[in-house]
Amino acid sequence: MLYPITVEVLHQVFSPHGFVEKIVTFQKSAGFQALIQYQSRQCAVQARTSLQGRNIYDGCCQLDIQFSNLDELQVNYNNDRSRDFTNPNLPSEQKGRSSQQPAYGDVVGYPPQMPNAAAIAAAFGGGLPPGISGTNDRCTVLASNLNPDSIDEDKLFNLFSLYGNIVRIKLLRNKPDHALVQMGDGFQAELAVHFLKGAMLFGKRLEVNFSKHPNITQGADTHEYMNSNLNRFNRNAAKNYRYCCSPTKMIHLSTLPQDITEEEIGNLVEEHGTIVNTKLFEMNGKKQALVLFETEEEATEALVCKHATSLAGSIVRISFSQLQSIRENQ
């Protein structure tokens with residue numbers, strides 16, 4: 001174990017696979033161990049299938065996951081070593097005893113000093129996507145060759161927020177086909193440059209590069225998104241990192257009204273292109289949908305125009321799906 005593993009790190013690694021109720025960690029002669037209790041057995045099975053043998057950090061902390069024969073974990077304290085996520089009111093330690101903090105003085109090295117290092121490691125199985133260095137510290141990107149007649153700040157937000165949190169966006173008045181986008185950190189900016197370079201949008205091939213400006217100065221012509229609750233990476237960061245990809249022909253719609261029909265989904269996005277197929281389904285009791293377009297550009301246009309729009313009182317969330325086709329039994 002080259003890096004410290006806390007309850008927080010484990011929660012980021014395991015929560016994308018289902019609701020984690022409790023975590024207990026302990027040191028045994030065989031090494032550091034943890035017990036993780038999911039809400040359902042199905043989630044535990046999925047987590048083991050997905051994470052067995054994966055590394056939490058790059059090149060180390062390989063997971064060896066077995067099913068426990070315990071039915072229920074007993075958690076008495078919420079701290080770095082144990083946590084009951086269903087009961088946030090537990091004390092952090094026994095009254096009158098100071099908690100023995102684990103000594104990290106002899107640890108070989110700390111986690112890579114990237115923001116969200118644990119979420120990133122969890123998303124990509126300890127590595128990084130091909131072509132991503134993880135060492136970029138420039139947060140602002142320059143998007144050019146935009147279509148000035150069709151683009152605005154909110155549409156750029158909808159696209160770039162797939163790769164990280166957006167701080168602010170500025171359309172350049174003297175170059176109407178250029179915009180500056182300031183991301184939450186350098187890693188998120190690198191994802192945006194990597195995955196969006198060359199994407200087609202409104203009939204133009206997008207150019208995305210790192211800007212020479214470290215950040216965008218706030219002003220009358222900037223749009224602020226720092227506190228926007230539409231930023232996707234405030235919750236489920238690991239899950240959102242895992243979904244990062246270049247634009248595809250298939251979009252995934254979530255947080256839909258419970259009584260939505262396939263026809264209404266078609267009505268929402270059909271103006272953006274030719275729909276090949278749609279599928280409405282339920283996950284964890286919530287309605288979601290897949291829509292397959294004929295081209296990546298049509299899917300991208302539907303995403304930038306319709307993400308965060310209101311449908312029967314629900315704010316629709318849209319991202320790209322990496323599925324190649326819609327199967328009936330999916």
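Me: Starting rule: rings of Phe, Tyr and Trp (its six-membered ring) pair if their centres lie within 6.5 Å, with planes under 30 degrees apart stacked, over 60 edge-to-face and the rest tilted. How many aromatic pairs does that give?

Reply: The count comes to four aromatic pairs. F187 and Y241 make an edge-to-face pair, with 5.6 Å centre to centre and 65° between the planes. That pair links distant parts of the chain, with F187 in helix α5 (residues 186-196), Y241 in helix α6 (residues 237-242) and 54 residues separating them. Helices (H or I, at least four residues) and strands (E, at least two) are DSSP runs numbered from the N terminus.

Me: Quick check on the model. Where do the numbers come from?

Reply: This is a predicted model, where local features need pLDDT of at least 70, side-chain atom pairs need 80 or more, and totals for chains, interfaces and linings use all residues. Residues are numbered from 1 along each chain as its sequence is written, and side-chain values use heavy atoms, without hydrogens or water.

Me: Back to the rings. Which residues form the aromatic cluster?

Reply: F187, F233 and Y241 form one cluster.

Me: Is F187 buried or exposed? And Y241, buried or exposed?

Reply: F187 is buried, because its relative accessibility is 3%. Y241 is buried too, at 0%. Buried means under 20% relative accessible area, exposed over 50%, partly exposed in between (1.4 Å probe, protein chains only).

Me: What about the rest of α5?

Reply: Of the 11 residues of α5, 10 are buried, so the helix is largely enclosed by the rest of the structure. The buried set includes G186, F187, Q188, E190 and L196.

Me: What caps the N-terminal end of α5?

Reply: D185 does, with a side-chain oxygen 2.9 Å from the backbone nitrogen of F187.

Me: New topic. Where does S211 sit?

Reply: S211 is in the loop between β11 (207-210) and β12 (222-224). S211 counts as buried because its relative accessibility is 9%.

Me: What does the side chain of S211 reach?

Reply: The backbone nitrogen of H213, at 2.8 Å.

Me: Which residues does S211 contact, leaving aside neighbours within four places in sequence?

Reply: T140, V141, L142 and L180. Contact means heavy atoms within 4.5 Å.

Me: How far is T140 from G59?

Reply: Their C-alpha atoms are separated by 30 Å, and the two residues are 81 residues apart along the chain. G59 is in the loop between β3 and β4 (60-62). G59 counts as exposed because its relative accessibility is 62%.

Me: Now the strands. Which ones does β7 pair with?

Reply: β7 and β8 (residues 179-183) run antiparallel, joined by five bridges. β7 also pairs with β12, again in the antiparallel sense, over three bridges. Strands pair if DSSP finds at least two bridges between them.

Me: What are the partners of I169?

Reply: In β8, V181 stands opposite I169. In β12, the bridge partner of I169 is H223.

Me: Last one. Why call β7 largely enclosed?

Reply: Because five of the six residues of β7 (residues 166-171) are buried.

Methods: A polar contact is a pair of N or O atoms within 3.5 Å; within protein, one must be able to donate a hydrogen and the other to accept it, and residues adjacent in sequence count only if both atoms are side-chain atoms.
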